[in-house]
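User: I would like to learn how to read the features of a two-chain model step by step, with the general idea before each case.

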Number of protein chains: 2
Amino acid sequence: MALIVQKYGGTSVGTVEKIENVAEKVIATRNAGHDVVVVVSAMSGETNRLVELASQVSDTPEPREFDVLVSTGEQVTIALLSMALNKRGYPARSYTGSQVHILTDNAYTKARILDIDESRMRGDLDAGRIVVVAGFQGRDEQGNITTLGRGGSDTTAVALAAALKADECQIYTDVDGVYTTDPRVVPEASRLDSITFEEMLEMASLGSKVLQIRAVEFAGKYNVRLRVLSSFEEGPGTLITFEDDDMEQPVISGIAFNRDEAKLTILGVPDQPGIAHQILGSIGEANIEVDMIIQNIAADSTTDFTFTVHRNDYDKAMTILEETAKNLNAREVSGDKAIVKVSLVGVGMRSHAGVASTMFKALADEGINIRMISTSEIKISVVVDEKYLELGVRALHSAFDLAEAAVE
Amino acid sequence: MALIVQKYGGTSVGTVEKIENVAEKVIATRNAGHDVVVVVSAMSGETNRLVELASQVSDTPEPREFDVLVSTGEQVTIALLSMALNKRGYPARSYTGSQVHILTDNAYTKARILDIDESRMRGDLDAGRIVVVAGFQGRDEQGNITTLGRGGSDTTAVALAAALKADECQIYTDVDGVYTTDPRVVPEASRLDSITFEEMLEMASLGSKVLQIRAVEFAGKYNVRLRVLSSFEEGPGTLITFEDDDMEQPVISGIAFNRDEAKLTILGVPDQPGIAHQILGSIGEANIEVDMIIQNIAADSTTDFTFTVHRNDYDKAMTILEETAKNLNAREVSGDKAIVKVSLVGVGMRSHAGVASTMFKALADEGINIRMISTSEIKISVVVDEKYLELGVRALHSAFDLAEAAVE
């Protein structure tokens, strides 16, 4: 008998019928002899409906009140799922984030989980009940309702699994696992039976929408065994593993890409200590997240500095950068919104030379010009013109034989 | 500077535009120099939407989960109203029932308020904030979400006013006060400037939908000054007063009626102690509320026993009564669903003879047969055939000169 935490996202609970289907899946796990804690998102469309209501009231709704509003979405789902379970003769109890004391900081709309009091859930499990918890939400020290930001339900599930020392945390979604790349771009993309945490982290942060990056970090930190499965099909999904040195790792596990990038460059700034902070400090203060940062070797006494942001933040970032350029007497600022980032991810990369050159050759063979390059231990990212996205990803998928590369 | 509790019902907050309108009314009160606590219901239609979702899952949804579900309705409204207030530069904070510790028993879907911890609201008021509280909901000792049943928002408002020792509790609704009777039945019906708690209690319990009866009881018990006003029109509304012996009371304040009655009679039961309990006990156990109860003087050793219930409960009550009749060897049971109750209400009735005879004559003049009569200190109720409702109410309104009788 194991303790399983299952998380079902918005599309998995999008209608009453789908909620009934989730109830059946939960019961199947229960009948296999396991204790189950279920985390659910808002029914798909519901969060958007609530956000739309808020936007009718104010362009800049008070964050505290925004969280009070949108947290109702998950509350509706937990109640309906618990009803569906009870109706089938399986005692269940629903809890909001506040009720199971998912304690967070008070950064409304993007709070971070600090602590969870698992005693109440434990009591229900001991009494033979299924526990249903609202994802995405918690409370701060003063009892104010907080939310974890979009996709936060994954994080809730992993955090509960960690607090309860669950045997496995299963993330049910509308895909049946993690793929070598997006099958919509590369039809031959294949499902991975397993992927390491580090790889998953890079895949998630690079735009693979399967798992929220914070959830993966959390799982890695607290040693939570994590699995991604389909709500709609049977199958083993993809297990997120801790790296096993004995295991032969494939060189590349997958190809991630991100369409929503934009790059900004400031040219001819003084090449002196503190300059990066002067440029990026004001960007950070405006709550704009910076992804890649590249500074070339200085020519004479000035240097050029390029960074990428989410495309939605481009205009705001450009306004700030132009202001900074004036203050620094920079020569020029420029930018481009029509770019994408493509990344190879694989822990095997560490021990295999030549990955980068294979990558660059594959792209060159297709006539794709590389605008920026950035690397980490298990990842190589390139920025290319948006129009080359599909061509580039397909070329790389083929160059690294990923169609057959799924780890068994 | 006074402390005012204002309550706005579902139709008053039915759209974002109406919520903005409520914000303006709250601000007007604030600008008049008062502290304000606002209680709101779910946007009209929202509770029905949620109930419909529940009914799609189960015919008999778990009451605990039902409350988790429907309590989201008010939570949406408090967030939107607080946003609207903040946007206008008036700091506001929203709270669910749980958050301000509206402690109730655990009778899900119809919980009763036991206690309120007003300290958190007091802190906000002292800091110059407007406090916005979700009506209709609370939490039990274990922190489970409870609801007070439909219309419970009035009760929340009065309970908060009592806990905070507010100077006035204002119930904003879609009518501009309490009328001598329903203006849809009697166009000459006039608004009362004031009505006593006892009268209001009788009016409310007899089907005047302006105020929830539990709210009136609560206000009477805790000495809360209560006023009914329109959300949509300016005006003083109707003040619910404590009876003042010095004041000349009109004989009759109003005429209430109830279309939803049904009567059941059991004939030829043994005339012995405990018989009423035997008949009504099983009705009560089935959670059917009994309104009028009439037992005639016994003829020989048996007696007849008649009572009224809500029309929706008629079939269920009849089934139970037939069972009881068998056990008691009663001669017969009968019933009628096509009846209504019409009541005269007025504290002045106590000191004026002849009210009953004026009433009976007015009805007789119209050829209306009285089926049942029941009286209390400040009320006379008669049951008549449903078809006579409008005719009877108009005849009585005229017989007691109520068109001009509004208390000034």
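Analyst: What follows goes through the model by topic, from chains and domains to sheets, helices and single residues. This is a predicted model, in which local features need pLDDT of at least 70, side-chain atom pairs count only at pLDDT 80 or more, and totals for chains, interfaces and linings use all residues. Residues are numbered from 1 along each chain as its sequence is written, while chains are lettered from A and ligands numbered from 1 in the order in which they are written.

User: Into which domains is chain A divided?

Analyst: Domain bounds come from an automatic or database domain assignment. Chain A is divided into domain 1, covering 3-174, and domain 2, covering 245-408, and the C-alpha centres of these two domains of chain A lie 35 Å apart.

User: How many residues of chain B are in contact with chain A, and which helices supply them?

Analyst: The size of an interface is often given as the accessible area lost when the parts come together. Here contacts are counted instead, two residues being in contact if their C-beta atoms, placed from the backbone, lie within 7 Å. By that count, 26 residues of chain B are in contact with 27 residues of chain A. On the side of chain B that touches chain A, α2 (46-57), α3 (63-70) and α4 (72-87) of chain B each supply at least two residues, and the largest share, eleven residues, comes from α4(B). Helices (H or I, at least four residues) and strands (E, at least two) are DSSP runs, numbered from the N terminus. That side of chain B has 14 nonpolar, nine polar and three charged residues, where Ala, Val, Leu, Ile, Met, Phe, Trp, Tyr, Cys and Pro count as nonpolar, Asp, Glu, Lys and Arg as charged, and the others, Gly among them, as polar.

User: What is the order of the strands in the eight-stranded sheet of chain B?

Analyst: Two strands pair if DSSP finds at least two bridges between them. The eight strands form an open sheet of mixed pairing in the order β3-β6-β2-β1-β9-β13-β14-β12 (chain B). At the edges stand β3 (92-95) and β12 (194-196) of chain B, each with a single partner strand, so one side of each is left without a neighbour in the sheet. Neighbouring strands are turned by 20° against each other on average, direction ignored. At one end of the order, β3(B) pairs with β6 (residues 130-134) of chain B in the parallel sense over four bridges, and A92(B) has I130(B) as its bridge partner in β6(B).

User: Which helices pack on the four-stranded sheet of chain B?

Analyst: That open sheet has the order β15-β20-β22-β21 (chain B), with antiparallel pairing, and its edge strands are β15 (254-258) and β21 (370-376) of chain B. Helix α11 (residues 355-365) of chain B packs on the sheet and touches β20, β21 and β22 (379-385) of chain B, its direction making about 20° with that of β22(B). Helix α12 (residues 389-399) of chain B also packs on the sheet, touching β15, β20 and β22 of chain B, and its direction makes about 10° with that of β20(B). Axes are lines fitted to C-alpha atoms, for helices over the stretch in contact, and angles run from 0 to 180 degrees between N-to-C directions.

User: Is I297(A) buried or exposed, and how many residues of α3(B) are buried?

Analyst: A residue is buried if 20 or more other C-beta atoms lie within 10 Å of its own, exposed if 12 or fewer, and partly exposed in between, with C-beta atoms placed from the backbone. I297(A), in the loop between β15 (290-295) and β16 (302-310) of chain A, is exposed, with 7 other C-beta atoms within 10 Å. By contrast, seven of the eight residues of α3(B) are buried, and these pack against α4 (72-87) and β3 (92-95) of chain A together with α2, α4 and β8 (145-147) of chain B.
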